[in-house]
Amino acid sequence: MIIWLNGAFGAGKTTAAHELLHLVPGSTLFDPDLVTAGLRSMLPKERLAQVDDVQDLPAWRRLVVDTGAALLAELPGPLIAPMTLLQQEYRDEIFGGFAARRIPVQHFLLHVEETFLRGRIDQRAAVDGDAVRGWCLRHLPRYGAALPWLTADAHTLETSRLTPRQTAELLAQGVRRGDGTCEIVQTPPPSAETLAAGVLFFDDQDRVLLVDPTYKPGWEFPGGVVEAGEAPARAAVREVAEELGLQLRHEPPLLIVDWEPPHPPRFGGLRLLFDGGRLDADRMRDLLLPGAELRGWRFAAEDEAEQMLSPGRFARLRWALRARAEGRALNLEAGVPVGA
């Protein structure tokens, strides 16, 4: 298990983590900052200059998950990870990665009122220098902007007037109760190419339905991986019923087949998109969201979808819309049509 302590820079997460080690039997400190330091020492300065924060590197997020999993293969656990995580997409990627490895996460937010927080930052700067003060203060607006999703996702502890020991005692009680448990459902990472089937639904303005997964960054089409021995169209019907509560009476027509080439560490595979048709107001009211998989849905016009989807997914959507307009399926390779 991972006990993830989140909060603003300077909130006292690491100090509380050291106290918590004495209260949770068998626990070990897992400091993702060591991953940060390793990448800073190994990556060329040109690559580091391309990002504002090492967390912006996909390698950092993968290594945090892989390192945590490797430690739990050596130790009984749990691991206590004090690390500020303000990007919800990064939270999805990291916690989803742990879920795929069957590693549960309890997410705690140590919230400190700004007046008290600035005082703690000053105390820390007296030891670590003004550069630390500047770093912490620069990130205060980002922390404030992230609070709505943080307080919805994590179990929040108000620690402004608490000592590190008192904070750790509250955390230990929360761990025993199961507070902050992330109910993410995720399949194990693929070990070979996969076949996935998605379904496009539209509203009366021909906007496309997109969903926001809890276990990976970015928006996605409703659908999922085709199981062994399962027909892709039937898999699409099953997935939208499980994810959204939408019952399709017939297998939907195919819009595109796209071959996604392998791009380590991803294996790639075939991606199919089907036409689920238009949803009227009554069917929209029937939409359900399994909290362990999806946190939201919305209809998006093509230009809006371009900002919400990864480049590969948007390329599929663009050609799927073309196929729908022309009434014929298209065969793609890496998002580009091939053949007649």
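Buried means under 20% relative accessible area, and R313, with a relative accessible area of 17%, is therefore buried by this cut-off. The close-up views described below all come from a predicted model.

**View 1. E220 and its salt bridges with K216 and R313.** The side chains of E220 and R313 meet in a salt bridge, with N and O 2.8 Å apart. E220 lies in the loop between β7 (208–213) and β8 (223–225), while R313 belongs to helix α13 (residues 311–326), so this pair ties together parts that are 93 residues apart in sequence. E220 also forms a salt bridge with K216, and here the closest N and O atoms are 3.0 Å apart. The relative accessible area of E220 is 14%, which makes this residue buried, as is R313 at 17%, whereas K216, at 23% relative accessibility, counts as partly exposed.

**View 2. The salt bridge between E260 and R271.** In this pair the closest N and O atoms are 3.5 Å apart. E260 sits in strand β9 (residues 254–260) and R271 in strand β10 (residues 269–278), and the two residues, 11 apart, link distant parts of the chain.

**View 3. A network of salt bridges.** Side chains of opposite charge can pair when their charged atoms come close. In this view R91, D92, D153, D212 and R295 are linked in a network of salt bridges. For the model as a whole, the count comes to 28 salt bridges.

**View 4. The cis peptide bond between G77 and P78.** The peptide bond that joins G77 and P78 is cis, and its omega angle is about 5 degrees. P78 is found in the loop between α4 (58–74) and β3 (79–82).

**View 5. R102, a residue with a positive phi.** Phi of R102 is near 60 degrees, a positive value in a residue that is not glycine. R102 lies in the loop between α5 (88–100) and β4 (105–111), and with a relative accessible area of 57% this residue is exposed.

**View 6. D206, a residue with a positive phi.** Phi of D206 is near 65 degrees, which is again a positive value in a residue other than glycine. The loop that holds D206 runs between β6 (194–202) and β7, and D206, at 43% relative accessibility, counts as partly exposed.

Definitions and conventions:
Residues are numbered from 1 along each chain as its sequence is written. This is a predicted model: local features need pLDDT of at least 70, side-chain atom pairs count only at pLDDT 80 or more; totals for chains, interfaces and linings use all residues. Side-chain values use heavy atoms; hydrogens and water are left out. A salt bridge is a side-chain nitrogen of Lys or Arg within 4 Å of a carboxyl oxygen of Asp or Glu. Buried means under 20% relative accessible area, exposed over 50%, partly exposed in between (1.4 Å probe, protein chains only). Helices (H or I, at least four residues) and strands (E, at least two) are DSSP runs, numbered from the N terminus.
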